[in-house]
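Reader: Hi! I'm new to looking at protein models and could use a hand with this one. Can we go through it together?

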Amino acid sequence: MTRKKFSAPPSSEITPECVYLNRRNFIRAGLVAGTVAATGLTYRFFNPPPVGDTPTADIANVEPKLADNSLGTPNSFEDITNYNNFYEFSTDKRAVAKRAQRLETRPWTVEVGGLVQKPKTFDIEEILRFPQEERIYRFRCVEAWSMVIPWVGFPLKSLLDQVEPLGSAKYVAFQTHYDPKVMQSSFSAGIDFPYLEGLRLDEAYHPLTILATGLYGKQMPNQNGAPVRLIVPWKYGFKSVKSIVKIMLTDSEPPTAWNLAAPDEYGFYSNVNPEVDHPRWSQATERRIGELSMRETLMFNGYGEQVTNLYEGMDLKKYF
């Protein structure tokens, strides 16, 4: 299979972790005073108190250097770790952080197989040895809210290359961890578990697609998908599956959790598209967490320059 070549993501969206950690040393808790005065009431309305021993002074106030101001300032650590979609634990975004602390992330393995030359099961420690970098991405959820998040991770391509996909492989299927002892039932969540997702192979190989192992320079919090999750920034957030345990390459389009639950509402592609509304709400605008006003939704979540060529000739209203 011939793969299209893609341009690398802009350097403004990538901050080496060592640079981020050095900058951290110069940013202290005193910087938060003015911000809290202006946004404290809004934050407390939309978010619960932080769960457990979360960093504040040296994490929540870091402002990663951005040459491209179109991304905006990243959301705080507290925003990102206390307002979560993780249906295995709760359908209440403010309840996930507390309940997800039950998740055991060691030991952990990720099986990678299917249509590959060299199927392999990766231990999480091996995954953490992949060269990690920080990538600041817009993150847009189908419920019309968004964040800017500094993920830590590496291109999915790096892992797939190790198993050598066959020429017949066209799709990548993902399965997440499900433990009924600590997670809620499918009946309570309204979708089947384990959670399934999928990408076309060219989407999986795109340089913007990463496996994330952390955020804000820290290991991934449980509520955000520990210990390893997918990030596909031009798609709605439910495509970026959490707590991955299996990755399979296939020759046919794999089933996905939300498409199985409501095929008229959630398509396989799930690209951010302001012109294709959810049947129950508009996708034309969104609310950035921590803000009161609405923003216009950007086509492909603002990554059109990098990914539009993936969908040339496709009817994006039909293949939503």
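Reader: I clicked on Tyr269. Is Tyr269 buried or exposed?

Author: Tyr269 is buried, with a relative accessible area of 8%. Keep in mind that this is a predicted model.

Reader: And what about Phe268, buried or exposed?

Author: Phe268 counts as buried, at 6% relative accessibility.

Reader: How do the rings of Phe268 and Tyr269 sit against each other?

Author: Their centres are 5.3 Å apart and their planes stand at 90°, so the pair is edge-to-face. The cut-off behind that name is an angle over 60 degrees.

Reader: Nice! Where does the charged end of Lys242 sit?

Author: Over the ring of Phe86, 5.4 Å from its centre.

Reader: How many aromatic pairs does the structure hold?

Author: There are 16 aromatic pairs. One to look at is Tyr87 with Trp258: the ring centres are 5.3 Å apart and the planes are at 85°, so this pair is edge-to-face.

Reader: Let's switch to strands. Which strands form the open sheet?

Author: Five strands make it up, in the order S3-S2-S11-S6-S7, and the pairing is mixed. Strand S3 (120–123) and strand S7 (196–200) are at the edges with a single partner strand each, so one side of each has no neighbour in the sheet. On average, neighbouring strands of this sheet are turned by 15° against each other, direction ignored.

Reader: What holds strands together in general?

Author: Strands of a sheet pair through backbone hydrogen bonds, either parallel or antiparallel.

Reader: In what sense do S2 and S3 pair?

Author: Strand S2 (residues 109–114) and S3 are antiparallel, over four bridges.

Reader: Which helix lies across S2 and S3?

Author: That's helix H6 (residues 156–163), which also lies across strand S6 (171–176) and strand S11 (244–250). Helix H6 runs at about 135° to S3.

Reader: Now S5. How many residues of S5 are buried?

Author: Strand S5 (residues 145–155) has 10 of its 11 residues buried.

Reader: What does S5 pair with?

Author: Strand S4 (residues 133–140) pairs with S5 in the antiparallel sense over eight bridges, and Arg135 stands opposite Trp151 in S5. Strand S8 (residues 210–215) also runs antiparallel to S5, joined by five bridges; there, Val152 has Gly214 as its bridge partner. Strand S12 (residues 285–288) pairs with S5 in the parallel sense over two bridges.

Reader: What's going on at Ala144?

Author: Ala144 takes a positive phi near 75° in the hairpin of S4 and S5, which has four residues between the strands.

Reader: Last one: how many helices and strands does the chain have?

Author: The protein chain has 10 helices and 13 strands. Of its 320 residues, 54% count as buried.

How values were computed
Residues are numbered from 1 along each chain as its sequence is written. This is a predicted model: local features need pLDDT of at least 70, side-chain atom pairs count only at pLDDT 80 or more; totals for chains, interfaces and linings use all residues. Side-chain values use heavy atoms; hydrogens and water are left out. Two strands pair if DSSP finds at least two bridges between them. Axes are lines fitted to C-alpha atoms, for helices over the stretch in contact, and angles run from 0 to 180 degrees between N-to-C directions. Contact means heavy atoms within 4.5 Å. Buried means under 20% relative accessible area, exposed over 50%, partly exposed in between (1.4 Å probe, protein chains only). Rings of Phe, Tyr and Trp (its six-membered ring) pair if their centres lie within 6.5 Å; planes under 30 degrees apart count as stacked, over 60 as edge-to-face and the rest as tilted. A charge sits over a ring if NZ of Lys or CZ of Arg is within 6 Å of the ring centre and within 35 degrees of the ring normal.
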